[in-house]
Amino acid sequence: MTISVPLFQFWFLLLVSSAVYSSSQYLIGVGSYDITGPAADVNMMGYANSDQIASGIHFRLRARAFIVAEPQGNRVVFVNLDACMASQIVTIKVLERLKARYGDLYTEKNVAISGIHTHAGPGGYLQYVTYIVTSLGFVRQSFDVVVNGIEQSIIQAHESLRPGSAFINKGDLLDAGVNRSPSSYLNNPAAERSRYKYNVDKEMTLVKFLDSQLGPIGSFNWFATHGTSMSRTNSLISGDNKGAAARFMEDWFEENGQKKSNIPRRVSTIVSDFSRNQSRLLDIAATYKSSKGQSLDAKIRVRKASKRKFVSAFCQSNCGDVSPNTLGAFCIDTGLPCDFNHSTCNGKNELCYGRGPGYPDEFESTRIIGEKQFKMAVELFNKATEKLQGKVGYQHAYIDFSNLDVTIPKAGGGSDTVKTCPAAMGFGFAAGTTDGPGAFDFKQGDDKGNAFWKLVRNVLRTPGPEQVQCQKPKPILLDTGEMKVPYDWAPSILPIQILRIGQLVILSVPGEFTTMAGRRLRDAVKFFLIALDSKEFGNNLHVVIAGLTNTYSQYIATFEEYEVQRYEGASTLYGPHTLNAYIQEFKKLATALVKGQTLPRGPQPPDLLDKQISLLSPVVVDSTPLGVNFGDVKADVPPKSTFKKGQQVIATFWSGCPRNDLMTEGSFAVVETLREGGKWLPVYDDDDFSLKFKWSRPAKLSPESQATVEWRIPESAVAGIYRIRHYGASKSLFGSISSFSGSSSAFVVI
C-alpha cells in the first residue's frame, strides 16, 4: 500500500518531530503480538452463522498496546485487539498474569482491552453461553492465543517505556460508514438530530506517540464503522477493514520511515536489468523445481523482530448502527433497495444485504474501507501538533446492570426512578442486520413477536411478568439474563472505565453504542467534566468512546431507538433505560476522576473458566496419499512461468491441519525471492494483504488436507525470481506433532 506523501516531506516531518518534540512529559511504550487463532474447523465470531467455519488466513490478527505513564505517577494501558470484541474471561486471566509479573502496577483499573469488531476471527474465547453456541462451546486454543498475545504486547510496551510525547488530532472521514438502521435513528428527537450533519459519526481521533530520541513509534485512532466488510460466508481469518488499515499504516511507516538496509526487504539483485534479461531469468528459474516436503525444527517469520517498531492501531468506537457497506442495502433477488423500516425483501430478511464499495468483491471492499481509514490516519498523523499535557488518570467500577436504579428527568420537571432489567434479546435480534441477515421469518422492527417462536422460547425459559414488563416494548425471544444452565448465558455485572491522558479522556464501554447513544454519553461526560473543573478541562477536552472493551454485552441504543426494536434495540440487553444507566454511572466515574476519589470496586464478574464446555472435536490424525510427504506440491506453478504485477500465482501443497500449530509470530505461507548466491529471501507472508492461505479437506472427516497459497502480485513487487513456500505441522496417530515445509517451482515476475 502506498500513499501520495512525498518522501522528502516525510523525512522533514520526522526530523521536526525529533527536534521540536524532544521535551518529554510522559513515559511511552508500544507493543504488538500475533493473536491469530485456529485457521481451521472453528466457527467465526460475529455473525453467529454456524456454517462460517475458518479455513485459512486472509491476513493475521494482532494485539497492539500502548502504555502512557507519568514518570513518578499513574499509568494507563490500552490494548487494541484484532478480534470481534473483548471477553470477560480473557480480561480476568490477562490481569492475573499481569499481577503475577508486575504486582499491582497493572490492574482492572488502568488496563483497557478493546476489540475492533472484525467478524472474521475464530470464536469460542468468551465465557457466556450465548456467545459460544455456534462455536460448539469454548475453544481453548482461541482463548489461549488471545490471552498470551495481549500479555506479550503489554510486556513489549512496558519494556520499551522511554521518555516521549503524545499529540492529538481530529478529522472527518466522510465515506467509510453509513447508518444501517436509519428508521431507528429517525425516531430520536428532531431537535437533537438537527444538531448533527450526519446520521453517523464521521470524526476520527488520532493520538501520535513520539519517543524523545527515536521519533514516531506509533499511533492509535478511534473511528466508528463495523468490521463487516467481510461477509458472513467468508472463511478466511481477517482483521477486516480496521485490521487492514493497521497493516497498511505500519507498512507505510516501514517503507518510508526506516533507513535503507544492506538487504532491502523486497528487492532482488540476481539480475541487474530485468527487461533485457527475461530469458536468462527464466533459465535460472527453471533450475529451481518444486521441492519435496521436508521436516523442520523452526518456524519462519518475514517481519523480523526489532527493538523498535512502529505500532498503529485502528480502534473501534460507537459503531452500533454504522455499516462499512456504503453502497446501501439491496434485495439479492430483485436488485431493488430493501424495505426502509424492516430491511426485508417481500417480507423476508434473508434476501436483504448491504453492499460494500468493492461489491461484489468483499476483499476489495475491505481494502477500500481500510485504505480510507489509513489515508485519514496518515493525514492526521502528519499534521498532529496539539500536545497532550497534564495528568494521567483512571477510574473503574463493576456495575450490576440487571437491577440498577436509574434516575431520569421528568418532562415537566423533577425526576423519576426507573430500573434496568436482567438481560434479554428481542425478536428483532434474530432478524440480523443488512451486514448479516438472520433466518426464518424474523424481521427487524418487530415489537410483537409471534406465538410459534414464543412456544420455542418457552422450552428454554419462559420470562416472568416482571421481566416482560421491564423489557417493554421488546418482545422477549431469549431471556438470557435469567438462563443459568449449564452456566450463565449473558453477563449481569459489567465493567465501565475512564482513562485520562492530559486533555484526552477515553470512555471504555463493554458493548456497541449506536451513533446517537454514543453522542449522548460523550456529551454528558464532557459537559460534566468541564462543569466539575473548567480550569482543568477547558475547551480543548477530547472525549472518545472505546467500544467493545473489557467484556461484551451486545448493544446500547437510545430510549427512542429501543422503542423501534430494530436489531440494535432488540439487542440492547438491559431494557429501555440502559443508556441512561451508563450515563449515570459514568458521571460517578467522572466525579471520582476529578476529585481523586476511590470508588467501591463493586460486585465481581464471575470466572466461569472451569465450567466451560467444548464440543469441538480435536484433530485426530493427519495423513497423505501413499508415497507423498507433507509439504509436497499437489498443484505446482506452471514451468517457466512469467507473471506481471496484478496477476495471481497459485500453488497447492499436501498439508496438515492448521490447528496442530497456529504458527504464532510465524507463517503458513511465504513468498520468497532469489538473491545472489542462490539464497532465498522471504518477502511476503500470510500477514500481507496480497497473499491468501486457504486450507481444505476433500471430505469433512478425511485425515488428508491441502493448503492453497494465492499471491496477487502487488504493484510494489520488484521484478525477479520468486517461489511460494508452505509451512505447516502434522499430527501422527500417536499424537506427536511434526513441522514441515515445501516449496513450489520458481517463476519470474516482470
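**The annotated binding site**

Modeller: The UniProt record, an unreviewed entry, places the feature "binding site" at His117, His226, Glu512 and Tyr555; UniProt positions follow the numbering used here, feature names are shortened, and annotations may be inferred rather than shown by experiment. These residues are spread over 439 residues of sequence, yet they cluster in space, with a largest C-alpha distance of 12.7 Å. A word on ground rules: this is a predicted model, where local features need pLDDT of at least 70 and side-chain atom pairs count only at pLDDT 80 or more, while totals for chains, interfaces and linings use all residues. Residues are numbered from 1 along each chain as its sequence is written, and side-chain values use heavy atoms, leaving out hydrogens and water.

Biologist: Why is histidine 226 called buried?

Modeller: Buried means under 20% relative accessible area, exposed over 50%, and partly exposed in between, using a 1.4 Å probe and protein chains only. Histidine 226 has 1%, so it counts as buried. This residue is found in the loop between strand 11 (215-222) and helix 6 (240-257); helices (H or I, at least four residues) and strands (E, at least two) are DSSP runs, numbered from the N terminus.

Biologist: What makes the link between tyrosine 555 and glutamate 512 a polar contact?

Modeller: The term needs a pair of N or O atoms within 3.5 Å; within protein, one must be able to donate a hydrogen and the other to accept it, and residues adjacent in sequence count only if both atoms are side-chain atoms. The side chains of tyrosine 555 and glutamate 512 are joined at 2.9 Å, so the pair qualifies. Tyrosine 555 is also buried, with a relative accessible area of 4%, and lies in strand 27 (residues 555-556). Its contacts (heavy atoms within 4.5 Å) include His226, Glu512 and Arg180, not counting residues up to four places away in sequence.

**Strands and their partners**

Biologist: How do you know that strand 23 and strand 24 pair?

Modeller: Two strands pair if DSSP finds at least two bridges between them. Strand 23 (residues 493-501) and strand 24 (residues 504-508) have five, in the antiparallel sense, so they pass. Glutamine 497 stands opposite serine 508 there.

Biologist: What makes strand 18 and strand 26 edge strands?

Modeller: Four strands form an open sheet with mixed pairing, in the order 18-23-24-26. Strand 18 (392-400) and strand 26 (542-546) each have a single partner strand, so one side of each is left without a neighbour in the sheet.

Biologist: Why is strand 34 described as largely enclosed?

Modeller: Six of the eight residues of strand 34 (residues 705-712) are buried, so the rest of the structure largely encloses this strand.
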